[in-house]
Amino acid sequence: MTGKSLFNTFAVLAICSLALSACGAKAPASGDGPKVTASGFTCPEPNPRMEVTSTELNLFVWTEYFPEDMLDCFSLVYGVKINQDEYSANEEMYAKVASGGVAYDLIQPTDYIVPLLIRQKLLQPLDHSRLSNMKNMDPNWMDRYFDPGNQYTLPYLAGIDAIVVNTEAVKDVPTSWADLWKPEYAGRIVSIDDSRTVISMTLLTLGYDPNTHDPAQLEEAKNKLAELVPNIKLFDSDSPKTALIAGDVDLGIVWTGEAFVAHEENPAFEFIYPTEGASLWEDNWALLKDAPHLDAAYAWLNYTMQGDVFWLTLRDFQYINPNLAAIAYAKENQPEVYSAYNDSPITNPPAEVLKKGFYSKDVGEAAALYDRIWTEVKGGN
Amino acid sequence: MLKRLRENKSAQGTLLALPTTLWLFVLLIIPLFLTLIVSFGKRSPDGNVIFTFTLDNYIRLIGFSSDCAAGQATCFDPLYLQILWRSLTLAFNTTVLVILLAYPLAYFIARAEPKKRSTYLFMVLIPLWTNFVIRVYAWMMLLRKEGAINIIIGTVAHWLGFNFVPFEMLYTPGAVLVGMVYEFLPFMILPIYTSLEKIDNSLYEAAADLGANAVRTFTKVTLPLSMPGVVAGTILVFIPVMGTFIVSDILGGKQVILVGNLIQRQFLDARDPTFGSAASLILMALTLIVTYFYTRKFGFGEEIVAA
């Protein structure tokens, strides 16, 4: 093949791929008929329909954390283009938001980082009169310690960090966090790359408060954690399930949703709630102070809180669902999705797990120590 | 005015260099200066920069802790020096391996028929059309426990009746080295090829006339004349490897910490821009020192041709 015809082949390929992506793109919303997403999901009408003049909405969200259909439907129903940026650690999100120069509207902070965001005046209070669908949320997940009265945040999903085990590969299944230190697990663990969860878990095995401010206890935890590092094959917060499913590792310190998917792929994966108490968390929506598209942001919050929309999270991302209307809707209309959620001890954990679990809380001044321990422990191999 | 400019060669030169100079000043010199200021600052508990003048960040980098007076047994912790040393040795190993792999290929291409050369060079460049990160991810598929390499070896071993335990390749320092070598290979092939291709054929004929055998021709003619390419390639490979963090992040499972990872983590996860700035400047200084001594020994490439 001569150089020229080779070039022509590539040019044709390039044009084909352009044409393909054009075909795949969504048709613009037109007429009054029902809106259908690219995957064939019929979008529910907004209730109530809000006044939106913005044409864009900028989201800064966790990687792989909300349903594509939810996003497409909002775009179709309100004619708003959604720009999405992703992060895989609260600290990373905070660093970007605090450095300024970003034009995001909504972020998804986890409980413990919310007080810091409020203290640094990065959020704006929510106008509850524009959020009629707040009534759908489960009161158990509202009005929490990190934001009394939900002045700044609304719950999105909640979950648990615990131990996932491939019971085919691991004969001696761990029952506690302390078990993870066993030498036979050397190089067989994947851990989420989350400083707070992992350090808090270590503090717990030492019998300390998982949110301690005491430098001496933290120093002890650092040394203890350094002993765990040889057992950890990799840190991954984007998709820890991948290494588990691919067989690179046999145990994991992971989130609810990752464990659920791993279990779906291979029932040998079991989620173990450690005896010391699992790590609990609640992710939220929060509105940034300089949000450029307020009307679209409120419309998004209100639309996604509808039961007939939010149930999509039950279908796509298996976490603890704080939206009662969504659960009721799924029970009524999507019995399979509902029973998968309701019958799994991963998404519907026993009450005592929730009672015994711990939350990572804002530690104020001590945050610098936590960050430093994390750098030093992970760098020391 | 225009006429005067046409006559004034040095003014022409200034004018031509102006856009790049401005560019470098605004986007390199000023940020570098700001980095220097931040590196002397302190981190507030919430992760903001408090502007002051302290050398704490540099003291921490070389392994001493500033709050060490309290009579702790071990005040010295060489953690960050180890990270720097690890980056330095990895960059060195990568460069040596890349030279060993690139030189024969560049030689082959340079000695091929002129018509075929452009096809070969084109093939060297094709991988660069794919995004850097995607190419690293592709290595994950190859190296993992149930990845392509283990599957192939396992199948062959099975045929031959051997018992095969899959190799642990992914998330090891070796995986990071392989990834680095793969990513930076083209940047060595091209400069070596360029200098090999420039060698006049009559020099080889002269060497043969004077009775030099193949080995002697290579060591006395080819190698010295292609050194400018090797030097240029080394600079193009060594410096980026020192600072890259993506390869070690993905193939090392965030366990193989290089100085690039350390810096990136300070600005994101650890929220300590002051320490991150200090580490960036130390990395720059280290790279400059190594490059300085290297170029003093081997020249910057072209000098050797002139000499």
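How many helices and strands are there in chain A? Chain A has 14 helices and 10 strands; helices (H or I, at least four residues) and strands (E, at least two) are DSSP runs, numbered from the N terminus. The radius of gyration of chain A is 23 Å, close to the 21 Å that the globule rule gives for 381 residues, so chain A is as compact as a globular protein of that length. That radius is taken over C-alpha atoms, and the globule rule is 2.2 Å times the number of residues to the power 0.38. Along the principal axes, the C-alpha atoms of chain A fill a box of roughly 65 × 65 × 45 Å.

A word on what you are looking at. This is a predicted model, in which local features need pLDDT of at least 70 and side-chain atom pairs count only at pLDDT 80 or more, while totals for chains, interfaces and linings use all residues. Residues are numbered from 1 along each chain as its sequence is written, and chains are lettered from A and ligands numbered from 1 in the order in which they are written.

The pLDDT is the predictor's confidence in each residue, from 0 to 100. For chain A its mean is 89, and 91% of the residues reach 70 or more.

| Element of chain A | Residues | Mean pLDDT |
|---|---|---|
| Helix 1 | residues 3–24 | 45 (lowest) |
| Strand 3 | residues 106–107 | 97 (highest) |

Chain A is divided into domain 1 (56–158 + 282–347) and domain 2 (159–280 + 352–379), with bounds from an automatic or database domain assignment. Their C-alpha centres lie 25 Å apart. Where they meet, 18 residues of domain 1 are in contact with 17 residues of domain 2; a contact means that the C-beta atoms, placed from the backbone, lie within 7 Å. On the domain 1 side, helix 4 (114–119) and strand 4 (153–166) of chain A are the elements that give two or more residues.

Chain B meets chain A through 24 residues from chain B and 30 residues from chain A. Helix 4, helix 5 (114–125) and helix 12 (259–267) of chain B each give two or more residues to the chain B side, and helix 12 of chain B gives the most, with 3 residues.

Helix 4 of chain B (residues 79–111) has 33 residues. From its first C-alpha to its last it reaches 48 Å, close to the 48 Å expected at 1.5 Å a residue, a span counted as 1.5 Å times one less than the number of residues.

Key: Two residues are in contact if their C-beta atoms, placed from the backbone, lie within 7 Å.
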